[in-house]
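Open the model in your viewer and keep the selection panel at hand. This tour tells you what to select next and what is there.

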Amino acid sequence: MRHTNLHRLWAVLLLLVVLCLPGFWWQPHQEKIVRANYQSLMAPVFFVPGSSATQNRFNALVKELNRESPTTHSLLRVEVMTNGRLEYSGNLKQGDERPFIVVGFQNHRDGPVNVRKQAVWFATAFQALEKTYHFTHFSAMGHSNGGLVLTLFMEHDLAKTKTKIDRLMTIATPFNLEEQDAAVDTDLFKELSGDRTNLPRNATVYSIAGSKTFASDGIVPFDSVNRGKYIFQDQVKHFTQITVTGANANHADLPENQQIVALIRQDLLS
Amino acid sequence: MTDRIAQLGMRLVNGEVRFYRNRQISAIRQALRLIFPIILLGSLADFLEQSWLRTDGYYYQTLHVARWLFQVKILRQYLRLIGAGTLGLAGILMAFAVSFYLVVPVTRHMTDRLMAGTIAVISLKFFNVTRTSVLGGHTIKWVATDLGIQGILVGILVGVLVGNGYRWALGHRSPDLEQIPSTLVITCTWLVVMAALGLLWVSTQTVSLNSAFASIIRWPFRLPHFILGLLGYCVLNGAFEWLGVLGPLSASSGQSIESAQNLAAVLAHRGWQLPHPLTLHTVVSVYANVGGTGMMLALLLALFLSRPTAWQRRIGWLSLVPTLGNFNAPMMVGLPVILSPLMSIPFILAPSACITLSWLCIRLKWVPTVAYPLLTGTPGPLQAYLGTGGSWTALALSLADLILSTAIYYPFVKLVQAAHRQLDGEVA
């Protein structure tokens, strides 16, 4: 009887060892897999203002977002100088998992040439912040040309980093610049749609348009914002277009528009 | 000394036998036996789904399942459905079975027995209904959550309430009355009363009975600081499982902030310096959870080391695969460990001993702390090895814990076997 019991025990232990074998064989590759799947607790939200606006552009928006919010998001402002040097103001609170980082540029002038330069400067700032804070994923919001800066960054420089973008929200971003003629494609639009296959497949993108006069938000033509679909659709995981009308729907007021603040809370920060 | 131990053992065996002779407990034991095949099937489906088909599963990762298995998504959906239909309804099944077995000794009529079970099921559902659908006058919607293995205890309580009520009504039935009208009267009365109680519940409470119960028992685990410490957690969790609240109660599987910070520290810096070396994840989940809560693999080994009864042997073999993947429900229901006074002692004692030993070893820095996420279904003793990125000392500690637990379980398993033989002898 005792003999049979020991046989049973050996059988169980043998099965245990057999089941452990794949684990021993897999272990040398474990670190690489853990690193690849690792998601930092911190997932900052980047804000990029449009042309003519500085890194202080979103102060009011951040205040508004922190109001009625269960946790206060800390705010770091970064200004990228034309020589690539970074100037910081504000600070990231320890333990803040969703800090806000506003990236502005010393040269914040309008025009496709400047926008392309700003995208490169954004990449410089991003890489420095990634190195400092060790985040592996993030979200971003760009107002007006800020959306172009972020889209260019996603197409050209994101793959060089070790991070993934969760969500992008562009507000009144003129993907075809201020071109009034819907039949004309600007060079920047051609570049954005030509390189769209570089966009990350797992991102969720929202494009918000303001509408004041049925055709534009006062500055950016509706058609130019609407062209976001030719860039993001079928490239990213989800692409949603939203049009906001009513009070504060003109181009400059959009970031403080209550409907858009609600959309940022709901779609970007939730 | 030996005599004293023998006397104590006899006393414990007699206590267990007396406990199981109790009418209520006997019905619960029979009910647990009845639902065992369903729990086993559900646990196997859960085990396969979580460890073979999910990306964070042990076999999925180590055997590269995605490379050679087709239709993984459909298989996952299929197994999830089986799990939901079996483990997901365990509470309801227990309510039926307990009520049924309570009525069996007092009536020959199958109608009465089945009706007692049916009333228990309906009563349980009266307390698990969407509040807005009842109060808002919409189509009634039944709540399906929390009726699974976490709801076994609620199922038992409702079954005991309804079963005893039905017994009482049968005892007061007029002997002149024919069977069918009397069943009708008892059934209708019970349902009318239980529906009233159910309505009272939904109009005063915002959640279903099972959800309310689940949040009450989860409450102590949400305390901001672990005032009771790791041992306190272990005792509380063990006590709930012993009462029949199976399944995870708190997020101890590695998702806490401490675990995330530990992982970040390991990945960001050279060396293996962790900011939080002693947490639920690094001690309890890894070293005191081999085979599931209560060191169930140690119980299985102790069972095979001793002279198991035919029933225990069958349960042991059938539960082997889920237990090796740390799914303890089949052993808890099959043996059963649930509501067995003798089993409660090692069930609490073994993990507590493992926690103490492991805590000491980590504290003295004899073994590195676990930082990597644990893969679901990893064979218990291997969890420490993989969690520490391949530390042999961690594996040795895990094996030492397993041997220690087996030694703790062994004498109690022998006593339980003696008690079961006595009870089975009576039945035979």
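Domain bounds here come from an automatic or database domain assignment. This is a predicted model: local features need pLDDT of at least 70, side-chain atom pairs count only at pLDDT 80 or more, and totals for chains, interfaces and linings use all residues. Residues are numbered from 1 along each chain as its sequence is written, chains are lettered from A in the order in which they are written, and side-chain values use heavy atoms, without hydrogens and water.

**Stop one: two domains**

Select 2-23 + 223-427 of chain B; that is domain 1. Now colour 90-208 of chain B, which is domain 2. Their C-alpha centres lie 35 Å apart. Contact means heavy atoms within 4.5 Å. Domain 1 of chain B gives 10 residues to the contact, and domain 2 of chain B gives 8 residues.

**Stop two: the interface**

Stay with these two domains of chain B. Together they bury about 780 Å², with 64% of it on carbon and sulfur atoms. Buried area is the accessible area (1.4 Å probe) that two parts lose on being put together, summed over both. How many salt bridges cross this interface of domain 1 and domain 2 of chain B? The rule finds 0. It asks for a side-chain nitrogen of Lys or Arg within 4 Å of a carboxyl oxygen of Asp or Glu.

**Stop three: an aromatic pair**

Rings of Phe, Tyr and Trp (its six-membered ring) pair if their centres lie within 6.5 Å; planes under 30 degrees apart count as stacked, over 60 as edge-to-face and the rest as tilted. The count comes to 29 aromatic pairs over all chains. Select B:Phe47 and B:Phe327, an edge-to-face pair with 5.9 Å centre to centre and 85° between the planes.
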